Amino acid sequence: MATEKIILGVDPGTAIMGFGIIKVKGNSMSFIQMNELDMRKIKDPYVKLRRIFERTVELIDTYHPDEIALEAPFFGKNVQSMLKLGRAQGVAMAAGLSRDIPVFEYAPLKIKQAITGKGSASKEQVARMLQSLLAIKELPKNLDMTDGLAAAVCHFYNSGRIEVGKSYSGWASFVKQNEKRIKK
């Protein structure tokens, strides 16, 4: 009997948070939804963080994901931007952890590599590949949505391997889940 699970992928941001949801059954995946939380009109940074938390919890309560995959902030030169992205990511993580859902983190390069086979792929290339893989009829204008979806698909492709990004459920959990592979 094939196991089923739901994966929520999140591309955290304080202007736009993109997210995508897939269903996994055995070795296949299917598209459930992708969308965005647009916060560009919100001026207060703390209100933005609250909205990210609330929307993530709402998605969790609606779709009951078994796992959450987040795109990690990339290292840039602008420290303030990095701080904002880190806060957005932390709030999304906290929402998942508050519901006891395992959270995994993937670098943008790893996500692009998993989807297209090329770490230097453009957002458009990633979106087109997702469209093909998941039979998505029409791509959105804003590709933050497909970035969130790409995190979920990346996690699906990396599931079952010892290195599945960074898990925040602890070392004991990691060892227990990978006992058979570690003993080989």
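Guide: The accessible surface of the chain comes to about 10500 Å². Carbon and sulfur atoms hold 54% of that surface. Keep in mind that this is a predicted model.

Visitor: Which elements make up the chain, and in what order do they run?

Guide: There are 7 helices and 6 strands. From the N terminus on, the order is β-β-β-α-β-α-β-α-α-α-β-α-α.

Visitor: How much of the chain counts as buried?

Guide: The chain has 184 residues, and 43% of them count as buried.

Visitor: What share of the contacts joins residues at least 24 apart?

Guide: Take the contacts between residues at least 6 apart in sequence. Of these, 60% join residues at least 24 apart.

Visitor: Let us take single residues. Why is L8 called buried?

Guide: L8 has a relative accessible area of 1%. The cut-off for buried is under 20%. Therefore L8 counts as buried.

Visitor: Where is L8 found, and which residues is L8 in contact with?

Guide: L8 is found in strand β1, residues 4–11. Neighbours within four places in sequence are left aside here. The contacts of L8 then include F19, G20, I21, T56, L59 and I60. Also among them are P65, E67, I68, A69 and A152. As for distance, the C-alpha atoms of L8 and V103 are separated by 9.6 Å. Along the chain, L8 and V103 are 95 residues apart.

Visitor: What makes L85 partly exposed?

Guide: The relative accessible area of L85 is 22%. L85 is found in helix α2.

Visitor: Which residues is L85 in contact with, leaving aside neighbours within four places in sequence?

Guide: They are P12, G13 and P73.

Visitor: Now the helices. What describes two packed helices?

Guide: The angle between their axes and the distance between the axes.

Visitor: Why is α4 called oblique to α5?

Guide: Helix α4 (residues 123–134) and helix α5 (residues 144–158) pack at about 60 degrees, with axes 10 Å apart. That makes α4 oblique to α5. Angles under 35 degrees would be roughly parallel, and roughly perpendicular runs from 65 to 115. The crossing of α4 and α5 is left-handed.

Visitor: Which residues of α4 and α5 meet?

Guide: From α4 come K123, V126, A127, L130, L133 and L134. From α5 come D144, T146, D147, L149, A150, V153 and Y157. By class, the residues of this contact are 9 nonpolar, 1 polar and 3 charged.

Visitor: What makes α3 roughly perpendicular to α5?

Guide: Helix α3 (residues 108–116) and α5 pack at about 70 degrees, with axes 9 Å apart. That makes α3 roughly perpendicular to α5, as the class covers 65 to 115 degrees. K110, I111, A114 and I115 in α3 meet A150, A151, V153, C154, Y157 and N158 in α5. This contact of α3 with α5 has 8 nonpolar, 1 polar and 1 charged residues.

Visitor: And why is α3 called oblique to α4?

Guide: α3 and α4 pack at about 45 degrees, with axes 9 Å apart. That makes α3 oblique to α4. α3 passes α4 in a left-handed crossing. K112, I115 and T116 of α3 make the contact with Q125, V126, M129 and L130 of α4. The classes are 4 nonpolar, 2 polar and 1 charged.

Terms used
Residues are numbered from 1 along each chain as its sequence is written. This is a predicted model: local features need pLDDT of at least 70, side-chain atom pairs count only at pLDDT 80 or more; totals for chains, interfaces and linings use all residues. Side-chain values use heavy atoms; hydrogens and water are left out. Helices (H or I, at least four residues) and strands (E, at least two) are DSSP runs, numbered from the N terminus. Buried means under 20% relative accessible area, exposed over 50%, partly exposed in between (1.4 Å probe, protein chains only). Contact means heavy atoms within 4.5 Å. Accessible areas come from the Shrake-Rupley method with a 1.4 Å probe; for residues, only the protein chains shown count as cover. Axes are lines fitted to C-alpha atoms, for helices over the stretch in contact, and angles run from 0 to 180 degrees between N-to-C directions. Angles under 35 degrees count as roughly parallel, over 145 as roughly antiparallel, 65 to 115 as roughly perpendicular and the rest as oblique. A crossing is left-handed if the near helix is turned anticlockwise from the far one by less than a right angle, and right-handed if clockwise. Ala, Val, Leu, Ile, Met, Phe, Trp, Tyr, Cys and Pro count as nonpolar, Asp, Glu, Lys and Arg as charged, and the others, Gly among them, as polar.
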